[in-house]
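This report goes through one protein model, with attention to its charged residues and its backbone. The sequence and structure come first, and the commentary follows.

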Amino acid sequence: MHKIILMMTGFLILAGCTKSPLDYRYKYIGDYSFIIHHQIFVKHEVIYDSAYSSEGKIEFSDNDHGINIAISHNQSYYAGLFEDRSLISNTFRRKLQGEFESSKKLHFSVYGYYLGYSETIEVTGEKIK
């Protein structure tokens with residue numbers, strides 16, 4: 001009887017948490033080092049091409065399957081993170097696709113389509129803690 005009460009108490013404690021310790025996203029959350037390659041196109045011609053590195057972090061989002069990828073230089077992205085390690089997000093003019101290669105390494109691409117131009121942002125990240 002004592003074991004049943006302890007098990008029920010443990011279940012109630014787990015159920016009361018906002019983020020379950022069994023949540024598959026935990027292994028991806030943390031501080032990252034990112035390499036970003038950003039290109040802007042006008043009529044299929046590259047008019048801007050830049051590559052740089054930045055520190056940032058990956059955190060839980062308010063969505064049950066989502067994460068926020070915050071990169072310095074005021075860039076952040078929301079993505080749905082699924083159990084197969086894929087990342088997907090679609091907004092009005094942007095599409096994000098990618099995946100975690102492991103619990104410490106990811107790659108994703110952001111495609112933006114705007115009036116008169118488009119952009120591609122390629123991001124690789126590696127967990128630093």
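## Salt bridges

A search of the whole structure finds two salt bridges, a salt bridge being a side-chain nitrogen of Lys or Arg within 4 Å of a carboxyl oxygen of Asp or Glu. The model is a predicted one, in which local features need pLDDT of at least 70 and side-chain atom pairs count only at pLDDT 80 or more, whereas totals for chains, interfaces and linings use all residues. Residues are numbered from 1 along each chain as its sequence is written, and side-chain values use heavy atoms, with hydrogens and water left out.

E119 counts as buried because its relative accessibility is 8%, while R94 is partly exposed, with a relative accessible area of 29%; here buried means under 20% relative accessible area, exposed over 50%, and partly exposed in between, with a 1.4 Å probe and protein chains only. In the other salt bridge, the side chains of D23 and R25 meet at 2.7 Å, N to O, and both D23 and R25 are buried.

## The chain as a whole

The secondary structure of the protein chain comes to one helix and eight strands, and from the N terminus on the elements run α-β-β-β-β-β-β-β-β. Of its 129 residues, 33% count as buried. The chain exposes about 8700 Å², of which carbon and sulfur atoms supply 58%; accessible areas come from the Shrake-Rupley method with a 1.4 Å probe, and for residues only the protein chains shown count as cover.

Among the contacts with a separation of 6 or more, residues 24 or more positions apart account for 40%, where contact means heavy atoms within 4.5 Å.

On the surface, E83, D84, E99 and E101 gather in a patch of negative charge. Such patches are made of residues with over 30% relative accessible area and no salt bridge, like charges being joined within 9 Å and nonpolar side chains (Val, Leu, Ile, Met, Phe, Trp, Tyr) within 5 Å. Lys and Arg count as positive and Asp and Glu as negative, while His and the chain ends are not counted; the place of a charge is taken as NZ of Lys, CZ of Arg, CG of Asp or CD of Glu.

D84 sits in the loop between β4 (75–81) and β5 (86–90) and counts as exposed, because its relative accessibility is 55%. R85 is found in the loop between β4 and β5, and its phi is near 75°, a positive value in a residue other than glycine. At 34% relative accessibility, R85 counts as partly exposed.

## H44 and strand β2

H44, in the loop between β1 (30–42) and β2, has a phi near 65°, a positive value in a residue other than glycine. With a relative accessible area of 81%, H44 is exposed.

E59 lies in strand β2 (residues 45–60) and counts as partly exposed at 36% relative accessibility. Leaving aside neighbours within four places in sequence, E59 is in contact with I29, I67 and N68. The C-alpha atoms of E59 and A70, eleven residues apart along the chain, are separated by 7.9 Å.

Key. Helices (H or I, at least four residues) and strands (E, at least two) are DSSP runs, numbered from the N terminus.
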